[in-house]
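Here's a walk through one protein model, taken a piece at a time. Have the sequence and the 3D view open and follow along.

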Amino acid sequence: MLLRAAEERTAGVRLSLEPESDMSTLVANPPSMERSSLESPARTLTDVCIDDIWEDSSARYTAEDSCEAGEETQREVILNLHETTSPHEEEPQPENKTEGVVTRLPNVENRLWTTRRDGEVKLKIEESETASLFPITIHQLFQESVKKYGDYFALASKKGDQWSKLTYKQYYQECRNAAKGFLKLGLERYHGVGILGFNSAEWFIADIGSILAGGFAVGIYTTNSPEACQYVAENCEANILVVENHKQLQKILQIQDKLPHLKAIIQYKDELKEKRPNLYTWSEFMNLAKDYPDSKLDEVIATQKANQCCTLIYTSGTTGQPKGVMLSHDNVTWTAAAAGKSVSLREAHDQQEIVVSYLPLSHIAAQMIDIWLPMKYGGLTYFADPDALKGTLVNTLREVRPTAFMGVPRVWEKMQEKMKAVGAKSSTIRKKVAAWAKDVGLQTNLKRMNGAAADPVTFRVANKLVFKKVRKALGLDRCTKCYTGAAPITKDTLEFFLSLNIPVYELYGMSESTGPHTLSVPDSFRITSCGKVISGCKTKIFQPESDGSGEILFWGRHVFMGYLNMEDKTKESLDEEGWLHSGDLGKHDERGFLFITGRIKELIITAGGENIPPVPIEDAIKENVPIISNVMLIGDKKKFLSMLVTLKCNIDGDTGEPEDDLTPESIEFCQKLGSKSTKVSDIVGGKDKAVYAAIQEGLNAVNKKATSNAQVIQKWVILEKDFTVTGGELGPTMKLKRPVVAKMYQDQIDNFYTDAVTPTAQENLLPPK
């Protein structure tokens, strides 16, 4: 591997390394390079590892301390390279180090991906401002934050009625203590620390501490079964598992004998109900740091490199066993910088950003928003109650009043349903005022979206009478960045909040892209679009159809290293030039906004050979029939399309199971039809002709817009209960598990096609009159 820049440009290349660190895999960034075409971004790489740079006795360096925040310092090294190896010259063989000469250091993999736990990759550094940011480790990022924001509060946890807070200095020290505790317990390099529990300061500290100690931070979904926990722990060769409480502990105790690498278990909440060897409370664990020297931790930190793995994100496994997504230090630190810049996050010195942590931290979106973006910009993270998604989240929002808020679509939909239920009980006058204000709000914001600058007088009146009060009631009165992602959101929900002057901006990405790839922002967004690519990254539509739709490909420093121990799966996702194949279908409009149209694996290929993306059709049906909660289109290798339908019902706050009672919004829908149904069972099985007729009417409206006869839905059935995470039909991010649902309801699906001939007219499952 050779330095890919003109020899005369090599003087003054800036490098950064930790004391006594192996220079072999940090990245050199030449001052300038030629920019290549979008089609071959790999050619623009400054993808040179320091082990590729040859120095002779004429090379010189200077070092100076550049950070006073931690107990160890970084050094900024300036190398003046007077001679480099030309790309066309034969590389000399490695030699021993002799006095006055630094010879070639150990080789690393000469590629953009790896599946080895100790692997290192090239970094996609380019000339552009954001893409050229110097690569740093998690520890270096944290040190920078401590230096800049040391006395600002970083974390806030509720203790009774009071908030207990940690400053950045305290936060950093707690993470160091956790790292020393992990090392004391025998954490080995490149082995996992699994974390199983709800969001808390301890979760963050365990995560970062495991990285500082040279291990992998590994979040485990709290809804995982013992067997699913075992798979993750085995795959990452976890030495230590950190659990929240007795309930999660029981899962691990059931499988611990099957985990040969496991050395200790730590419970971070509640008292232990039983004493066992190698089982620690959080306080016992943190006390271990007293007997472990700082110098030994510093030695471990000094060996870490920006292009090595620090975190494993396990996919939710909707189509098979979860894959361990390997994210490097640079993946995390660079993405935090680039995404924060794209959404105009403010540094704490200007105005501290405040977020509420409640989404599952085993997902990269929550980690990026709750841990890494606040660390980069000096933000303050408040922890919600564990029952946040059962109804207490809004209480936390009102108390904390975040400046930025991320909600998966189901969170926004639940808010919408609750607000509609409250509105239904308002007086006639209040309903009329709200309807008028929402119409003004929607029209004004749609005009803003298209570039209008001035707001009409009616909007200012509506804002004072309605919008400000709604924002305050939701705890979003000072929130300037409301986001949604991780799953599709309906146009109806987006327009509902837009009408209340609460624009909800869509973002799009994957675990494999360290979270975000495209973003919407206040001065650049479109309804149902995922926005535009973040600074320093690229998007390509692969093999587009005539309408411009094709597979969405990602390129940039946020693209993951590979899947742990899964070379074949890695090669399926990453091509030779480093493009990440998302598996999603999409297209750009004339202004460069990205629209998602479906997933390749979800494509329905009918018996007639027509490719049909199900998501747009499913979303259209839900928009046309408000009582419908979930829809799953059926038709792969079938003669016609059919669908499974669930209705909006209440969810048990303790178990997460769907109840028979309809939501207030659903009951109101029934009443408008003249129906007296209040339960799902009142409707299912053809007991409520009015509701069946309304669903068919909505379906007819969607069918009229079908682009071909193959896209017309012919049959459907209402299921007795809604889809949920606990039921197994939805993944942790609320994505539909199509293979699971198809298996669960195979009998109903078979009934659609028993002795079926291709229908010539629209049929449905309306009950006989």
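## Two helices that cross

Helices (H or I, at least four residues) and strands (E, at least two) are DSSP runs, numbered from the N terminus. This is a predicted model, where local features need pLDDT of at least 70 and side-chain atom pairs count only at pLDDT 80 or more, while totals for chains, interfaces and linings use all residues. Residues are numbered from 1 along each chain as its sequence is written, and side-chain values use heavy atoms, with hydrogens and water left out.

Now look at helix α2 (residues 168-184) and helix α3 (residues 201-212). Their axes come within 7 Å and cross at roughly 60°; axes here are lines fitted to C-alpha atoms, for helices over the stretch in contact, and angles run from 0 to 180 degrees between N-to-C directions. Angles under 35 degrees count as roughly parallel, over 145 as roughly antiparallel, 65 to 115 as roughly perpendicular and the rest as oblique, and α2 and α3 are therefore oblique to each other. Their crossing is right-handed. Contact means heavy atoms within 4.5 Å, and on the α2 side the residues that meet α3 include Tyr171, Cys175 and Phe182, while the α3 side includes Phe204, Ile208 and Leu212. The residues of this contact split into 10 nonpolar, two polar and two charged. For that count, Ala, Val, Leu, Ile, Met, Phe, Trp, Tyr, Cys and Pro are nonpolar, Asp, Glu, Lys and Arg are charged, and the others, Gly among them, are polar.

## Another helix pair

Helix α4 (residues 226-235) packs against helix α5 (residues 246-255) at an angle of about 70°, and their axes are 9 Å apart. These two are therefore roughly perpendicular to each other. The crossing of α4 and α5 is right-handed.

Which residues do the touching? Pro226, Cys229 and Gln230 in α4 meet Lys251, Ile252, Gln254 and Ile255 in α5. Four residues of the contact are nonpolar, two are polar and one is charged.

## A three-stranded sheet

Next comes an open sheet of three strands, with mixed pairing and the order β28-β29-β32. Two strands pair if DSSP finds at least two bridges between them. β28 (628-634) and β32 (713-718) stand at the edges with a single partner strand each, so one side of each has no neighbour in the sheet. Ignoring direction, neighbouring strands of this sheet are turned by 25° against each other on average.

β28 pairs with strand β29 (residues 641-647) in the antiparallel sense, over six bridges. Find Met632: it stands opposite Leu644 in β29. Helix α19 (residues 689-704) packs on the sheet and touches β28, β29 and β32, with its direction at about 150° to that of β32. Helix α21 (residues 746-753) also lies across β28, β29 and β32, and runs at about 140° to β29.

## Buried parts

Buried means under 20% relative accessible area, exposed over 50%, and partly exposed in between (1.4 Å probe, protein chains only). In helix α14 (residues 491-499), the buried residues include Thr493, Leu494, Phe496 and Phe497. What covers the buried residues of α14 includes α11 (409-424), α12 (428-449), α13 (457-474) and β18 (504-510). Just after α14, Asn501 takes a positive phi of about 60°.

β18 pairs with β19 in the antiparallel sense over four bridges. Leu507 stands opposite Leu519 in β19. In the hairpin of these two strands, with four residues between them, Thr514 takes a positive phi near 55°. Five of the five residues of β19 (residues 515-519) are buried, so this strand is largely enclosed by the rest of the structure.

## A loop residue, and the whole protein

Is Thr678 exposed, partly exposed or buried? Its relative accessibility is 35%, so Thr678 counts as partly exposed. You'll find Thr678 in the loop between α17 (664-672) and α18 (680-683). Not counting residues up to four places away in sequence, Thr678 touches Asp660, Asp661, Leu662 and Ile667.

Zooming out, the protein has 21 helices and 32 strands. Buried residues make up 58% of its 769 residues.

How values were computed
A crossing is left-handed if the near helix is turned anticlockwise from the far one by less than a right angle, and right-handed if clockwise.
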